[in-house]
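Here is a short tour to follow in your viewer, one selection at a time. Keep the sequence panel open beside the 3D view.

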Protein chains: 2
Amino acid sequence: MKRIATELGVSVALVSYVLNGKMTDRINEDTAKRIRDLAEKLNYRPNQIAKSLKNSKTYTMGLIVADISNFFYSHLARYIEEEANTHGYNLIFGSAYEDPKRFENILNVLIGRQVDGLILAVPEGAEHCIPYLQEIEIPFVLIDREFPQFDKITTIGLDNFKSSKSIADHFLSQGYKRLGAVGLSTNLYHLQERKRGFVETASASLPAGAVFSYEIIEERLNEEIEEVVATAVNRDKLDAICFFTNKIAMAALPIIVKLNLKVPDDIAVVCFDEAEAYKLFSCPLTYVRQPLQAMSSLAVDYLTDGEQRLRGNHIKFDSDLVVNRSSLRTL
Amino acid sequence: MKRIATELGVSVALVSYVLNGKMTDRINEDTAKRIRDLAEKLNYRPNQIAKSLKNSKTYTMGLIVADISNFFYSHLARYIEEEANTHGYNLIFGSAYEDPKRFENILNVLIGRQVDGLILAVPEGAEHCIPYLQEIEIPFVLIDREFPQFDKITTIGLDNFKSSKSIADHFLSQGYKRLGAVGLSTNLYHLQERKRGFVETASASLPAGAVFSYEIIEERLNEEIEEVVATAVNRDKLDAICFFTNKIAMAALPIIVKLNLKVPDDIAVVCFDEAEAYKLFSCPLTYVRQPLQAMSSLAVDYLTDGEQRLRGNHIKFDSDLVVNRSSLRTL
DNA sequence: AAGAAATATTTAATCGATTAAACAAAATAT
DNA sequence: ATATTTTGTTTAATCGATTAAATATTTCTT
């Protein structure tokens with residue numbers, strides 16, 4: 001801008017007015033044209049850094065996901081970016097890879113870069129950031145994972161209780177009698193809700209002669225999963241099993257292949273989340289589909305002041321159980 | 001900073017010196033402590049925007065990938081982020097979803113935000129950005145995709161010719177006689193190299209009685225793939241097939257399941273890239289593994305002035321062909 | 001022709017930091 | 001007691017934009 005101003009012998013302010021289309025009625029059309037032409041010729045791009053500093057508005061939203069290499073989050077990121085764009089915002093994102101230290105670090109970077117709002121999938125162990133964010137009054141919304149121990153935190157997620165309830169109900173309605181679910185050893189509330197939905201439903205409406213079990217992966221998924229699956233089938237004689245996260249499913253399904261188990265004849269399977277990868281499996285899989293687009297849209301809308309009625313609430317979306325052959329009794 | 005300064009009755013400059021640890025030998029240890037303590041208490045975080053404006057250095061690198069929901073890029077992004085972090089840089093990234101308009105848009109955003117360097121996987125149709133970037137003299141490096149029509153562009157990618165040559169050689173060494181490959185209708189150089197590697201190797205060293213074919217997906221992968229696979233098997237009687245991108249593989253493998261083809265008995269298969277999803281397939285797949293970490297590391301290193309000998313060169317990494325049962329003659 | 005109104009442009013403060021240079025006060029040297 | 005260092009702190013310009021308010025110029029009124 002300075003260069004344009006000196007080359008044309010006008011003030012920087014005038015250049016600014018012209019290039020921003022302000023005070024159009026006052027500015028000489030000739031001068032304006034000369035400024036625009038030179039800007040074009042010099043390939044002028046405004047320095048957004050300076051702009052943001054002045055406006056204290058960056059038109060940027062920050063997204064931190066727990067793990068971008070998890071397709072659930074990479075798809076979520078895609079929807080959020082799209083939605084942000086249509087609202088005139090840009091999205092910058094980071095991935096914490098489930099590490100609280102990294103989460104905090106990225107959070108500080110994004111706050112330092114003055115994002116206008118944050119969408120966060122908080123990893124376990126980084127909860128303490130939540131009251132801090134409230135304190136510094138930066139607009140934010142939690143997504144996917146909720147933390148009921150804190151008050152008045154706008155949160156958008158799935159009704160995880162209902163989702164797993166629907167899985168247990170589905171198994172039972174298909175006449176399966178020996179149900180199992182595999183979850184992670186974690187305090188993350190949304191995963192506990194999945195467990196609760198399954199366990200409570202199973203205990204409440206278990207028909208005569210039926211059993212259910214709940215297996216927990218303690219630490220190292222890939223090392224433990226084989227034994228869990230083998231035990232489930234051989235010792236517990238399960239005829240239906242549900243994997244509570246896509247990571248578990250991605251680890252367990254190859255084991256099912258390896259153990260030469262037929263789905264659904266030897267065991268019925270239901271997974272969480274929607275994955276292209278599931279299509280490579282020998283049998284079309286039943287899975288819980290989360291309404292990613294609706295969630296993304298609502299989150300962005302809230303942050304851009306569109307939907308302030310959400311403030312402080314926990315929004316729980318319903319999932320669809322997409323039923324495929326993997327959990328259907330063979331006719 | 002201003003608040004700290006007024007509350008303690010000192011100048012903003014002093015606060016700046018203290019918090020940045022500059023002029024340590026001159027500053028009264030007492031004053032320094034009071035400043036640090038108050039900063040701590042007020043939870044002061046520097047405004048990076050202002051910092052960047054002053055320094056014209058943002059310690060941020062930009063990454064634009066062709067499609068973040070493609071696991072090849074999401075893994076690449078992960079490595080690049082890690083590498084950038086260890087160099088003291090932050091990474092902000094965007095995804096163009098193969099759309100040149102979007103690419104250009106994100107590019108402008110990142111440039112406007114004054115990133116210190118760019119790592120780019122350029123989608124087809126956005127090539128014109130490359131000379132522009134040269135002209136404005138922003139440091140950048142192309143990754144994965146190369147554009148030989150431009151001079152002196154630092155590019156890091158795979159030796160795609162060699163990679164597909166190794167696939168064809170492998171098929172032939174296994175005694176397969178009817179080879180096929182499936183690629184995309186595109187002008188992207190790296191994909192043409194894959195084709196060339198396969199076709200030239202096949203034509204050069206085709207044993208008596210052997211044939212090869214090269215199929216092209218014109219437009220809509222998911223609609224066309226079924227016919228391509230069916231034709232390959234039924235009409236062309238191929239006994240070995242190679243999918244030139246992971247997207248093609250992800251679309252083709254379900255078709256192989258659907259057509260009830262046995263791998264490798266009915267047809268041998270080789271894919272590009274490494275995917276967790278491949279593990280769900282009934283047979284362990286042979287695939288081309290790209291050295292993502294080495295590529296990422298080199299790219300970041302170059303941009304942080306570590307490795308300037310690369311400047312203007314096209315670096316081609318060798319891939320590993322990870323051989324699994326899917327391309328082995330049954331004994 | 002003088003004043004009012006409309007048009008065109010500039011001045012100067014500001015955003016939140018950084019930093020060379022100036023200044024002030026205390027300690028040391030002569 | 002005065003000059004010189006050393007120590008401690010402030011002033012003011014700067015990065016690249018924005019924008020209210022001031023000013024200058026032209027045109028219109030009567």
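**Starting from the core**

Begin by selecting A:Ile119, A:Ile156, A:Phe171, B:Ile119 and B:Phe171: these residues have the most contacts inside the largest nonpolar core, which has 92 residues. Bear in mind as you look around that this is a predicted model.

Now zoom in on B:Phe171 and show its surroundings. Leaving aside residues up to four places away in sequence, B:Phe171 touches B:Tyr176, B:Leu179, B:Phe198, B:Ala240, B:Ile241, B:Cys242, B:Ala268, B:Val270 and B:Ser327. For a second, separate core, select A:Val228, A:Ile248, B:Leu238 and B:Leu261, which are included among its 68 residues.

**On to the interface**

Next, color the two chains separately. Here 47 residues of chain A are in contact with 47 residues of chain B. Together the chains bury about 4,300 Å² between them, with 57% of that on carbon and sulfur atoms. Which residues of chain A lose the most area to chain B? Select A:Ile49, A:Arg113 and A:Leu280; together they account for 19% of what that side buries.

Then turn to the polar side of the story. The interface holds 2 salt bridges by the rule used. To see a salt bridge, display the side chains of A:Glu82 and B:Arg102, which meet at 3.2 Å, N to O. In polar contact between chain A and chain B are 8 residue pairs, counting those with both residues at pLDDT 80 or more.

Finally, highlight α4 (48-55), α5 (71-86), β2 (90-95), α6 (100-112), α7 (129-136) and α11 (246-258) of chain A, the elements that each give two or more residues to the side touching chain B. That side of chain A comprises 20 nonpolar, 17 polar and 10 charged residues.

How values were computed. Residues are numbered from 1 along each chain as its sequence is written. Chains are lettered from A and ligands numbered from 1 in the order in which they are written. This is a predicted model: local features need pLDDT of at least 70, side-chain atom pairs count only at pLDDT 80 or more; totals for chains, interfaces and linings use all residues. Side-chain values use heavy atoms; hydrogens and water are left out. A nonpolar core is a set of buried Ala, Val, Leu, Ile, Met, Phe, Trp, Tyr and Cys residues joined through side-chain atoms within 4.5 Å. Buried means under 20% relative accessible area, exposed over 50%, partly exposed in between (1.4 Å probe, protein chains only). Contact means heavy atoms within 4.5 Å. Buried area is the accessible area (1.4 Å probe) that two parts lose on being put together, summed over both. A salt bridge is a side-chain nitrogen of Lys or Arg within 4 Å of a carboxyl oxygen of Asp or Glu. A polar contact is a pair of N or O atoms within 3.5 Å; within protein, one must be able to donate a hydrogen and the other to accept it, and residues adjacent in sequence count only if both atoms are side-chain atoms. Helices (H or I, at least four residues) and strands (E, at least two) are DSSP runs, numbered from the N terminus. Ala, Val, Leu, Ile, Met, Phe, Trp, Tyr, Cys and Pro count as nonpolar, Asp, Glu, Lys and Arg as charged, and the others, Gly among them, as polar.
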